[in-house]
Amino acid sequence: MFRIENAFATVWSVEDKGNYVKGRISTSEKNKEGKYVNSNWFVTFVGKAKEPALALSRMDRIKIISGKISNTTSGEGKDKKSYLNVVVFDFELANQENMQDVPF
């Protein structure tokens, strides 16, 4: 498991699933050559993040206050599957002051 704290992301979609909200986000970071590398993630908003996530729209920028990335497996042998899970527990809308030099 890897904890996520104070990471910025762009929201692409959100969908109410009852007890949680599913969504898609993207993040960026600079590589050694100074070019930005983008990553796209399927995400689950739970806990304090669930209700505010319902108000998010495409292209909103958020600051993830608390979350985690984990990898789970199921099955055995040839049927073994691996799943990457990104869960957000708390976030806030990003604004120009708290973004500084963060690309989107």
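Guide: Gladly! Let us start with a definition: rings of Phe, Tyr and Trp pair if their centres lie within 6.5 Å, and planes over 60 degrees apart count as edge-to-face. Keep in mind that this is a predicted model. By that rule, the count here comes to 1 aromatic pair.

Visitor: What makes Phe 45 and Phe 91 a pair, and why is the pair called edge-to-face?

Guide: Their ring centres are 5.6 Å apart, and the limit for pairing is 6.5 Å, so the two rings pair.

Visitor: How do you know whether Phe 45 and Phe 91 are buried or exposed?

Guide: Buried means under 20% relative accessible area. Phe 45 has 0%, so Phe 45 is buried. Phe 91 has 10%, which is also under the cut-off, so Phe 91 counts as buried too. In the protein, buried residues make up 30% of the 104 residues.

Visitor: What makes S4 and S6 paired strands?

Guide: Strands pair if there are at least two bridges between them. S4 and S6 have 2 bridges, so they meet the rule, and the sense is parallel. Opposite Phe 45 stands Val 88 in S6.

Visitor: In which sense does S4 pair with S3?

Guide: In the antiparallel sense: strand S3 (residues 21-30) and S4 share 10 bridges. As an example, Thr 27 has Ser 39 in S4 as its bridge partner. The hairpin of S3 and S4 has 5 residues between the strands, and there Gly 34 takes a positive phi near 85 degrees.

Visitor: Which elements make up the protein, and in what order do they run?

Guide: There are 2 helices and 6 strands. From the N terminus on, they run β-β-β-β-α-β-β-α.

Visitor: How much of the contact pattern joins residues at least 24 apart?

Guide: Among contacts between residues at least 6 apart in sequence, 58% join residues at least 24 apart.

Key. Residues are numbered from 1 along each chain as its sequence is written. This is a predicted model: local features need pLDDT of at least 70, side-chain atom pairs count only at pLDDT 80 or more; totals for chains, interfaces and linings use all residues. Side-chain values use heavy atoms; hydrogens and water are left out. Rings of Phe, Tyr and Trp (its six-membered ring) pair if their centres lie within 6.5 Å; planes under 30 degrees apart count as stacked, over 60 as edge-to-face and the rest as tilted. Buried means under 20% relative accessible area, exposed over 50%, partly exposed in between (1.4 Å probe, protein chains only). Helices (H or I, at least four residues) and strands (E, at least two) are DSSP runs, numbered from the N terminus. Contact means heavy atoms within 4.5 Å.
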